[in-house]
Amino acid sequence: MYSSPPVLEKLVQEISKLPGIGRKTARRLAFHLISGDREKMENLAQVLMEAKNKLVHCKLCYGFAESEICQICDNPRRDRESLCVVERASDILPFENSGVHKGLYFVLGGVLSPLDGIKPESLHIPELIERLEKENIKELILALGSSPEAESTALYIDRVLLNSPIHRTRLARGIPVGSDLEFIDDVTMLRAFKERVKI
Ligand SMILES: [Zn+2]
């Protein structure tokens, strides 16, 4: 059996730690990278570090930004009365790609999971409530996926806002249970968003 040089094996191991990358794919990517020219490899290493060094969390929505406030929060044309709450920063992408949401976002940073010790304070829930008190938000779209933890997080936020006039909605069913929002296709997203329902 062929055993690869340790340094190559180390590269394969690191790549296979990435989400959704199995060992076979990791090996294929590693061979692809080291077989390419040096310049391409240096470019990749450089943009990786640049992204890590320059990206910060937006102070308003906790999505990724290159300055204190991200381009979405900073855009005067966005509807400031509609706030879409997502679990992770990457969950903003399917909404933006399908162009379905014209309002703003808020990244919770996870979902509640008491068994894992993830309480409201572990997420950006206090900051969300504070923001809702300060801003003139009329609709809160809880787009947290359909895992049991995501469901109870949406219910928790809804309960906190029980006496609030803010209209609370959630995406329509149609997202496969437990699936990540980031893998949802545009058509499913459009439908799930347009047919969103009151919580
Ligand atoms: Zn932002």
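Leaving aside neighbours within four places in sequence, Val85 is in contact (C-beta atoms, placed from the backbone, within 7 Å) with Phe106, Leu108, Leu128, Leu140, Ile141, Leu142, Ala143 and Leu144. This is a predicted model, so local features need pLDDT of at least 70 and side-chain atom pairs count only at pLDDT 80 or more, while totals for chains, interfaces and linings use all residues. Residues are numbered from 1 along each chain as its sequence is written.

**Overall layout**

- The chain comes to seven helices and seven strands; these are DSSP runs numbered from the N terminus, with helices being H or I of at least four residues and strands being E of at least two.
- Along the sequence, the pattern reads α-α-α-β-β-β-α-β-α-β-α-β-α-β.
- The C-alpha trace spans about 65 × 35 × 35 Å along its principal axes.
- The chain has 199 residues, of which 24% count as buried; that term asks for 20 or more other C-beta atoms within 10 Å of the residue's own, whereas 12 or fewer make a residue exposed and anything in between makes it partly exposed, with C-beta atoms placed from the backbone.
- Among contacts in the chain with a separation of 6 or more, 56% come from residues 24 or more positions apart.

**The nonpolar core**

- In soluble globular proteins, nonpolar side chains tend to be buried together.
- Here, the largest nonpolar core has 37 residues; such a core is a set of buried Ala, Val, Leu, Ile, Met, Phe, Trp, Tyr and Cys residues joined through C-beta atoms within 7 Å.
- Val85, Phe106 and Ala143 are the residues with the most contacts inside this core.
- Two or more residues each are given to the core by β3 (79-86), α4 (92-98), β4 (103-107), α5 (125-134), β5 (139-143), α6 (148-160) and α7 (186-194).
- Strand β3 also holds Arg80, which counts as partly exposed because it has 15 C-beta neighbours inside 10 Å.
- Arg80 and Glu139 lie 59 residues apart in sequence, and their C-alpha atoms are 9.7 Å apart in space.

**Helices α1 and α2**

- Two packed helices are described by the angle between their axes and the distance between the axes.
- For α1 (residues 6-16) and α2 (residues 23-35), the axes come within 8 Å and cross at roughly 125 degrees; axes are lines fitted to C-alpha atoms, for helices over the stretch in contact, and angles run from 0 to 180 degrees between N-to-C directions.
- The two helices are therefore oblique to each other, the class left over once angles under 35 degrees are called roughly parallel, over 145 roughly antiparallel and 65 to 115 roughly perpendicular.
- The crossing of α1 past α2 is right-handed, that is, the near helix is turned clockwise from the far one by less than a right angle.
- On the α1 side the contact is made by Leu8, Leu11, Val12, Ile15 and Ser16, and on the α2 side by Arg23, Ala26, Arg27, Leu29, Ala30 and Ile34.
- Arg27, in helix α2, is partly exposed, with 18 other C-beta atoms within 10 Å.
- The C-alpha atoms of Arg27 and Val12 are separated by 5.3 Å, although these residues are 15 apart along the chain.

**Two further residues to look at**

- Tyr62 sits in the loop between β1 (56-57) and β2 (64-65) and is buried, with 21 C-beta neighbours inside 10 Å.
- Most residues other than glycine have a negative phi.
- Tyr62 has a positive phi of about 70 degrees although it is not a glycine.
- Ala51 belongs to helix α3 (residues 38-54) and is exposed, with 11 other C-beta atoms within 10 Å.

Conventions
Contact = placed C-beta atoms within 7 Å.
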